[in-house]
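This briefing goes through one structure, topic by topic.

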Amino acid sequence: MSAAIDQNRRIALAKLFGGRGLPLPRGIISVCSAHPLVIEAALRRAARQDEAALIEATCNQVNQEGGYTGMTPADFRSFIERIAAGIGFPVGRIILGGDHLGPNPWRKLAAEDAMARAEAMVTAYVEAGFEKLHLDTSMGCAGEPVALADELTAARAARLARAAEAAAGRSGRRLPVYVIGTEVPPPGGATHALDELEITHRKAALRTFDIHRRAFAEAGVDAALERVIAIVVQPGVEFGNANVALYQPERARDLISGLDEMKGLLFEAHSTDYQPAGSLAALVDGGFAILKVGPGLTFALREALYGLDAIADILSGDKGAGRLAATMEEIMLAQPDHWAGHYSGTSREQRLQRHFSYSDRIRYYWPDARATQAVDQLLARLPGTIPETLVSQYLARLYPDVVEKRVAAKARDLCLAAVDAALAPYAAATAPR
């Protein structure tokens, strides 16, 4: 790691942490989820490590119209703070972020209408106390190309920054920090099989920053540019429905060298889900100090719930396997909007993807009342303490922690432990050395 990258890390993370009085880590985990057990697991890990917790919501998930969770930014903040209060985590150590903030939820509308709604969304995020905003205006709206020219993307990002700055001034909220750049799939992830990904070129990253610098100046928000802490680029990291593109540091060497020319900036790594610990550590070493993870956490939670469902059937002698999976299948078939455009193949292949895809689009369905009821019924079917032998059979990743008494063999504890196990390599990658 070069001295320039290390200095960039300190400058950018200091802006992100906003004077919270905590020691600066090498990097930070950005947890992108709205599942209460995922949030609780993330906060519990941050508490054990005496760190801040960065929790982010996407534009499709949370916006002024409710998003697919039904939550506005203010609702999401209250949701997170209720979970924190329940476990005694200090709310002052929570950093809320907004991901892919732009016209994406309204891209079928005319550009001006979509951008007006995006401005209202950014305003609502800032007024609710979100402090880290990823501005993503790269997608075309009605009648426009799918991907826009860099200059138009930057101009629209500057327009949203201007709305955010004004909202912070009116509401007395802390001025936000910003992330720019969009060289990743749109919210929801990749929808195709992954071969070899094209790494962002160093010159392209430098050009992204330069174009945004000029656009922010033209929009009269030069001060906001001083609070841009990171650029989103593609380092060769992604996951699809059935495979994961692992980070290869040697392929990103030229890209990383660009940080030497961008004082105070980091790279933000999206779609790092399912990367092994060594890859995550190498990303942080290369200046990707913000590691975003989301589907990988709910994937781990789904694994735990399905394992518990099998255990409940064994204990009850029920020959009908998979009550929870059957309920989730019914819900997804009745409401296909969140998966139909993302999964392909035969009906059997689509069924496999609905439940077991790395993209984990089943996560969109856990808030459904029928899913919540099915999970509650599952937990009620299980004994207070689950036999260790069944943990070994159906939740093997958690068995060592259970048998060594680090995790209680109780259903809820096992769910939290499954998410925590997915967070563990991120914690190792971002921890001081």
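In which helix is the place of Asp401? Asp401 belongs to helix 15, residues 399-403; helices (H or I, at least four residues) and strands (E, at least two) are DSSP runs, numbered from the N terminus. The model is predicted: local features need pLDDT of at least 70, side-chain atom pairs count only at pLDDT 80 or more, and totals for chains, interfaces and linings use all residues. Residues are numbered from 1 along each chain as its sequence is written, and side-chain values use heavy atoms, with hydrogens and water left out.

**Asp401**

- Asp401 is partly exposed, because its relative accessibility is 26%; buried means under 20% relative accessible area, exposed over 50%, and partly exposed in between (1.4 Å probe, protein chains only).
- Neighbours within four places in sequence aside, Asp401 is in contact with Arg406 and Val407, where contact means heavy atoms within 4.5 Å.
- The side chains of Asp401 and Arg406 are joined by a polar contact of 2.6 Å.
- A polar contact is a pair of N or O atoms within 3.5 Å; within protein, one must be able to donate a hydrogen and the other to accept it, and residues adjacent in sequence count only if both atoms are side-chain atoms.
- Asp401 and Gly317 are 84 residues apart along the chain, and their C-alpha atoms are separated by 27 Å.

**Helix 11 against helix 13**

- Helix 11 (residues 323-334) and helix 13 (residues 369-381) have axes that come within 10 Å and cross at roughly 175°.
- Helix 11 is therefore roughly antiparallel to helix 13.
- Axes are lines fitted to C-alpha atoms, for helices over the stretch in contact, and angles run from 0 to 180 degrees between N-to-C directions.
- Angles under 35 degrees count as roughly parallel, over 145 as roughly antiparallel, 65 to 115 as roughly perpendicular and the rest as oblique.
- On the helix 11 side, Arg323, Leu324, Thr327, Met328 and Ile331 take part; on the helix 13 side, Arg370, Ala371, Ala374, Val375, Leu378 and Arg381 meet them.
- The residues of this contact between helix 11 and helix 13 comprise 7 nonpolar, 1 polar and 3 charged.
- Ala, Val, Leu, Ile, Met, Phe, Trp, Tyr, Cys and Pro count as nonpolar, Asp, Glu, Lys and Arg as charged, and the others, Gly among them, as polar.

**Nonpolar cores**

- The largest nonpolar core holds 124 residues, and Phe76, Leu133, Leu308 and Met328 have the most contacts inside it.
- Helix 16 (residues 411-430) gives the most to this core, with 11 residues.
- Another core, of 17 residues, lies apart from it and includes Ala12, Ala52, Ala289 and Ile290.
- A nonpolar core is a set of buried Ala, Val, Leu, Ile, Met, Phe, Trp, Tyr and Cys residues joined through side-chain atoms within 4.5 Å.
- Met328, leaving aside its neighbours within four places in sequence, is in contact with Tyr306, His355, Ile362, Tyr365, Trp366 and Ala371.

**Buried side chains**

- Glu56 lies in strand 2 (residues 53-58) and is buried, with a relative accessible area of 0%.
- The side chain of Glu56 makes a polar contact of 2.7 Å with the side chain of Lys132.
- Beyond four places in sequence, the contacts of Glu56 include Phe76, Asp99, Glu268 and Lys292.
- Arg45, in helix 2 (residues 36-48), is buried at a relative accessible area of 14%.
- Not counting residues up to four places away in sequence, Arg45 touches Asp420, Leu423, Ala424 and Ala427.
- Trp106 sits in the loop between strand 3 (94-101) and helix 4 (111-127) and counts as buried at 6% relative accessibility.
- Side chain to side chain, Trp106 makes a polar contact with Glu65 (3.0 Å).
- Trp106 and Arg117 are 11 residues apart in sequence and 7.7 Å apart in space, C-alpha to C-alpha.

**Backbone angles**

- Most residues other than glycine have a negative phi.
- His100, not a glycine, has a positive phi of about 55°; His100 is found in strand 3 and is buried, with a relative accessible area of 5%.
- Tyr274, also not a glycine, has a positive phi of about 75°.
- Tyr274 is in the loop between strand 9 (266-269) and helix 9 (277-285) and is partly exposed, with a relative accessible area of 23%.
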